[in-house]
Amino acid sequence: MHDYIKERTIKIGRCIVETKQTVRTIAKEFGVSKSTVHKDLTERLPEINPDLADQVKHILEYHKSIRHLRGGEATKIKYKKTSTKKREVLAAGKA
């Protein structure tokens, strides 16, 4: 494994433990895909730093346990925006 991959993996692991952000957020922050972040955290990190990997694993499990709630909230926000735009269009059409 290349040194830059090891360094990135450790940085991503520390970042997720410190901030408790989601894989998508971390991926955007580091400029890599969410698949890369997930592979770094679940496959590479246990080989490099088992203690940090254990901490990360707990955070990932927590995110997985609440993902149905986040998805529902995102859908709710999406439809609120859509219905607001429809109201604005209807109001503009009546005027």
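**View 1. The whole chain, end to end.** Of the contacts in the chain with a separation of 6 or more, 60% are between residues 24 or more positions apart. This is a predicted model, so keep that in mind for every view here. The chain has four helices and zero strands, and from the N terminus on its elements simply go α-α-α-α. Buried residues make up 23% of the 95 residues in the chain.

**View 2. Where α2 crosses α3.** Here we zoom in on helix α2 (residues 23–30) and helix α3 (residues 34–48), which pack with their axes 8 Å apart. The angle between this pair is about 105°. Angles of 65 to 115 degrees count as roughly perpendicular, and α2 and α3 are therefore roughly perpendicular to each other. On the α2 side, look for Val-23, Arg-24, Ile-26 and Ala-27; they meet Lys-34, Val-37 and His-38 in α3. Sorted by class, this contact has four nonpolar, one polar and two charged residues.

**View 3. The largest nonpolar core.** This core has 14 residues. Those touching the most other members are Ile-16, Ile-26, Val-37, Leu-41, Leu-45, Val-56 and Leu-60. The largest share, five residues, comes from α4. Two names carry over from the previous view, as Ile-26 in α2 and Val-37 in α3 also belong to the contact between those helices.

**View 4. Leu-60 and its partners.** Now pick out Leu-60, one of the core residues that touch the most other members. Leaving aside residues up to four places away in sequence, which ones does Leu-60 touch? They are Ile-16, Val-23, Leu-41 and Thr-42. Ile-16 and Leu-41 are also among the core residues with the most contacts to other members, while Val-23 is one of the α2 residues that meet α3.

**View 5. His-63, tucked into the model.** His-63 is found in helix α4 (residues 50–94). Is this histidine buried or exposed? The relative accessible area of His-63 is 12%. Buried means under 20%, so His-63 counts as buried. Not counting residues up to four places away in sequence, His-63 touches Lys-20, Gln-21, Thr-22 and Arg-70.

How values were computed
Residues numbered from 1 in each chain as written. Predicted model: local features only at pLDDT ≥ 70, side-chain atom pairs only at ≥ 80, totals over all residues. Heavy atoms only, no water. Axes fitted to C-alpha atoms, helices over the stretch in contact; angles between N-to-C directions. Parallel < 35°, antiparallel > 145°, perpendicular 65-115°, else oblique. Contact = heavy atoms within 4.5 Å. Nonpolar A, V, L, I, M, F, W, Y, C, P; charged D, E, K, R; others polar. Buried < 20%, exposed > 50% of the residue type's maximum accessible area, 1.4 Å probe, protein only. Core = buried A, V, L, I, M, F, W, Y, C linked by side-chain atoms within 4.5 Å.
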